[in-house]
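Dear colleague,

I am passing on the structure that we spoke about, together with notes on what was found in it. Please keep it open beside this message while you read.

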Amino acid sequence: MTEAEQAIGTPDAGKAEEGAGTSAAGADEAVAGRGKRRVGVLLTVAALAYVIDLVSKLAVVAKLEHHAPVEVIGTWLQFEVIRNRGAAFGFGEAMTIVFTVIAVGVIVVIARLARKLHSLPWAVALGLLLGGAFGNLTDRIFRAPGDFQGAVVDFIAPSHFAVFNLADSAIVCGGFLIVILSFRGLDPDGTVHKD
């Protein structure tokens with residue numbers, strides 16, 4: 001190539017450079033359109049849900065276990081410590097290890113989704129799920145009899161309903177929010193799809 005050609009540049013080279021700049025700008029616009037990643041929100045919500053659940057369980061075990069139920073709203077809502085080896089709301093007590101594996105699986109799936117998480121509502125929903133899953137998993141690992149078969153501490157006892165804990169509540173709220181977001185067409189990456 002001559003010096004003149006180098007100074008002017010070939011038309012094809014100019015188009016290639018322009019195309020590269022356009023595609024880079026398009027990628028930047030796509031990312032900007034989705035907003036920033038929301039992993040921090042997910043982790044903050046998960047940590048809050050986990051700590052609140054853990055503190056509440058430590059308090060009720062220390063103060064209420066082996067005592068008569070405490071009436072919060074008459075007999076409509078009481079605090080009563082129950083050791084639950086099953087899933088949320090007392091389901092499947094003979095399948096403790098299965099629910100432990102499911103909880104670990106949920107945590108892994110959330111960790112994978114976090115890499116492309118740009119939606120604030122999804123970050124809150126997944127944070128609730130993550131915090132709740134860790135809360136009950138902590139019981140299964142560290143409470144008797146241990147070895148991933150420990151009994152979960154439940155203590156919120158509404159009248160004519162199963163006894164549950166705050167981790168169960170976080171899981172249910174997170175799941176409910178995910179259903180709403182899915183029906184509205186909002187994806188975890190911040191994009192909206194219409195069927």
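Predicted model: local features only at pLDDT ≥ 70, side-chain atom pairs only at ≥ 80, totals over all residues.

Residues are numbered from 1 along each chain as its sequence is written, and side-chain values use heavy atoms, with hydrogens and water left out.

Overall layout

The protein has six helices and three strands, where helices (H or I, at least four residues) and strands (E, at least two) are DSSP runs numbered from the N terminus. Along the sequence these elements follow the pattern α-α-α-β-β-α-α-β-α. Of its 195 residues, 33% count as buried; buried means under 20% relative accessible area, exposed over 50%, and partly exposed in between, with a 1.4 Å probe and protein chains only. Among contacts (heavy atoms within 4.5 Å) between residues at least 6 apart in sequence, 68% join residues at least 24 apart.

The unreviewed UniProt entry lists residues 39-60, 87-110, 122-142 and 162-183 under "transmembrane region"; positions from UniProt are given in the numbering used here, feature names are shortened, and annotations may be inferred rather than shown by experiment. In the model, residues 39-60 are 100% helix and 0% strand, with end C-alpha atoms 32 Å apart, and residues 122-142 are likewise 100% helix and 0% strand, with end C-alpha atoms 30 Å apart.

Helix H3 covers residues 39-63, and its 25 residues should span 36 Å at 1.5 Å a residue, which agrees with the 36 Å between its end C-alpha atoms; the expected span is 1.5 Å times one less than the number of residues. Its buried residues include Leu 42, Val 45, Ala 49, Asp 53 and Lys 57.

Two packed helices are described by the angle between their axes and the distance between the axes. Here axes are lines fitted to C-alpha atoms, for helices over the stretch in contact, and angles run from 0 to 180 degrees between N-to-C directions. The axes of H3 and H6 come within 8 Å and cross at roughly 150°, so the two helices are roughly antiparallel to each other. That contact is made by Ala 49, Ile 52, Asp 53, Ser 56 and Lys 57 of H3 and by Leu 166, Ala 167 and Ala 170 of H6. On this scale, angles under 35 degrees count as roughly parallel, over 145 as roughly antiparallel, 65 to 115 as roughly perpendicular and the rest as oblique.

Helix H5 (residues 120-142) also packs against H6 (residues 166-183), at an angle of about 150° and with the axes 8 Å apart, and these two helices are therefore roughly antiparallel as well. Among the H5 residues that meet H6 are Trp 122, Leu 129 and Asn 136, and among their H6 counterparts are Asp 168, Cys 173 and Gly 175.

Single residues

Asp 154 and Asp 168 are listed as "active site" in the unreviewed UniProt entry. Asp 154 lies in strand E3 (residues 152-158) and is buried, with a relative accessible area of 2%. Leaving out residues up to four places away in sequence, Asp 154 touches Glu 80, Val 81, Ile 82, Asn 84, Val 163, Phe 164, Asn 165 and Asp 168.

Asn 136, in helix H5, is buried at 9% relative accessible area, and beyond its neighbours within four places in sequence its contacts include Asp 53, Lys 57, Asn 165 and Asp 168. Val 45, in helix H3, is buried at 18% and touches Val 124, Gly 127 and Leu 128, again not counting residues up to four places away. The C-alpha atoms of Val 45 and Gly 131 are 7.3 Å apart, although 86 residues separate them in sequence.

Finally, most residues other than glycine have a negative phi. His 66, in the loop between H3 and strand E1, has a positive phi of about 70° and is exposed at 76% relative accessibility. His 160, in the loop between E3 and H6, has a positive phi near 60° and is exposed, with a relative accessible area of 79%.
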